[in-house]
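Please keep the sequence and the model in view while I speak.

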Amino acid sequence: MRRTAVITAVTALWTSLLAGLGAADTRPADAPEGRAGRATGVLAQVHTAGRVKDAGNTVQYSWPGVYFEGTVRGTGVGIVLNDSAADYDVRIDGATVATLVTPGRTTHWINGLRDRAHTVRLVKRNDTPWDTSTFGGFVAAPGGAVLSKPPARHRQIEFIGDSLTVGYGNLSTSRSCTGDQLRRATNADVSYGALTARKLNADYQINGYSGLGMVRNYNGGSPDITYRTFYDRALLNVSGDVWQNPGTWHPQLVVVNLGTNDFSTAINPGEPWTPDSLAAAYRTAYGDFLQKLRTRYGATTTIVAVGAGQFAGHVQQVVKARNDAGDSRVRSWFLDDSGLDFLGCDWHYSAHDDRLIADRLTSFVAGLPMAW
């Protein structure tokens, strides 16, 4: 099946996600705002490149794929979490040792380690935009210690997109998934973005939100919001939230893959679009979004605009306009879907597909005049 089959299927979870958008601010009134400057508390002991809000003894976050890396000496590592919505993988010394399914408020212990220094990595697997996740850091077993945090990687990549960027259902063994099966089978840590970043030894953000588009969401749902409504946030379910860059996030590469949901379904009666007006609005919004990224990250950041299927031509037009205006560091990349099996939930990318796309994207990036 080709992309037209892929993008015409959606689960009940997408419907519930879209239905919950624009909900009231659910953050406690005394929740602290993010702080820029020298790291304290949890951020003093762990390395992360994700969009997190520093609450001192904890950090809060919403986007999928957020990861925390630390070094702990001793025979055991405790992982302090408060999250009843998301799943996590725990890696110690490069090997996955546990998958935590909606762990709730807990300190999860990995014991029986050799008494030496260990690298620890915690990663949020799935997208839970209706909830706020909280991480309270790593702790050592008695007799051990949390050591200095690992250094940041020099290279940084930001991935912007929808469910295809999230890794929606990519571990599924069936294209038909219940909501619970979808949540367990979604793993942003093996999405094409995460894999590409690891191939390039880069820190990364996966700022993906299932079901949303540049100007139109899947099947025309929730027309009062789009992906751009949420892009600036750290906490997705907090209306008006703005992520405060701590001054360490300066990606040399930004990959934008938005458009599948804009064009994947026919325009419904009552929607304010014709095919031509939708295409024109998409191109205008895309151009404005690229300008926003350029203003935010400066002239040396390379922006790759991904085009696929029926919206690839619109992406190419937007990129050409940027290039004609003198911005040579915006490039278009056609995502070739040959060889993809679309065996993820609802005909999304499978883990096999994510690996194949990562190989192709890495090869394309390798040919760019990157400033890294």
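Let me start with a definition: rings of Phe, Tyr and Trp (for Trp, its six-membered ring) are taken to pair if their centres lie within 6.5 Å, and such a pair counts as stacked with planes under 30 degrees apart, as edge-to-face over 60, and as tilted for the rest. By that criterion the structure holds 16 aromatic pairs. One of them is formed by Tyr-192 and Tyr-349, an edge-to-face pair at 6.5 Å centre to centre with 75° between the planes. Tyr-192 lies in helix α5 (residues 192-199) and Tyr-349 in the loop between β15 (330-334) and α10 (351-366), so this pair ties together parts that are 157 residues apart in sequence.

Before going further, a word on the source. This is a predicted model, in which local features need pLDDT of at least 70 and side-chain atom pairs count only at pLDDT 80 or more, while totals for chains, interfaces and linings use all residues. Residues are numbered from 1 along each chain as its sequence is written, and side-chain values use heavy atoms, with hydrogens and water left out.

As for elements, helices (H or I, at least four residues) and strands (E, at least two) are DSSP runs numbered from the N terminus, and the protein comes to 10 helices and 15 strands. I call a residue buried under 20% relative accessible area, exposed over 50% and partly exposed in between, with a 1.4 Å probe and protein chains only. On that scale Tyr-192 is buried at 2%, Tyr-349 is buried at 3%, and of the 372 residues of the protein 55% count as buried.

Staying with the rings, Tyr-61, Phe-68, Phe-135 and Phe-138 are linked into a cluster by ring pairs. There are also charges over rings, meaning that NZ of Lys or CZ of Arg is within 6 Å of the ring centre and within 35 degrees of the ring normal. The charged end of Arg-51 sits over the ring of Tyr-231, 4.5 Å from its centre, and Arg-121 lies over the face of Tyr-67, at 4.7 Å from the ring centre.

Arg-51 and Tyr-61 come back when we ask which residues Ala-234 touches. Taking contact as heavy atoms within 4.5 Å, and not counting residues up to four places away in sequence, Ala-234 touches Arg-51, Lys-53, Tyr-61, Ser-62, Trp-63, Asp-241 and Trp-243. Ala-234 is placed in the loop between α6 (227-230) and β13 (253-257), and it is buried, with a relative accessible area of 0%.

Turning to the strands, two of them pair if DSSP finds at least two bridges between them. An open sheet is formed by 5 strands in the order β6-β5-β8-β3-β10, with antiparallel pairing. Its edges are β6 (95-101) and β10 (145-146), each with a single partner strand, so one side of each is left without a neighbour in the sheet. Strand β3 (residues 67-74) pairs with β10 over 2 bridges, and Arg-73 stands opposite Ala-145 in β10.

Finally, is strand β12 enclosed or open to the outside? In β12 (residues 202-208), 7 of the 7 residues are buried, so the strand is largely enclosed by the rest of the structure. Strand β11 (residues 155-161) runs parallel to β12, joined by 7 bridges, with Ile-157 opposite Tyr-204.
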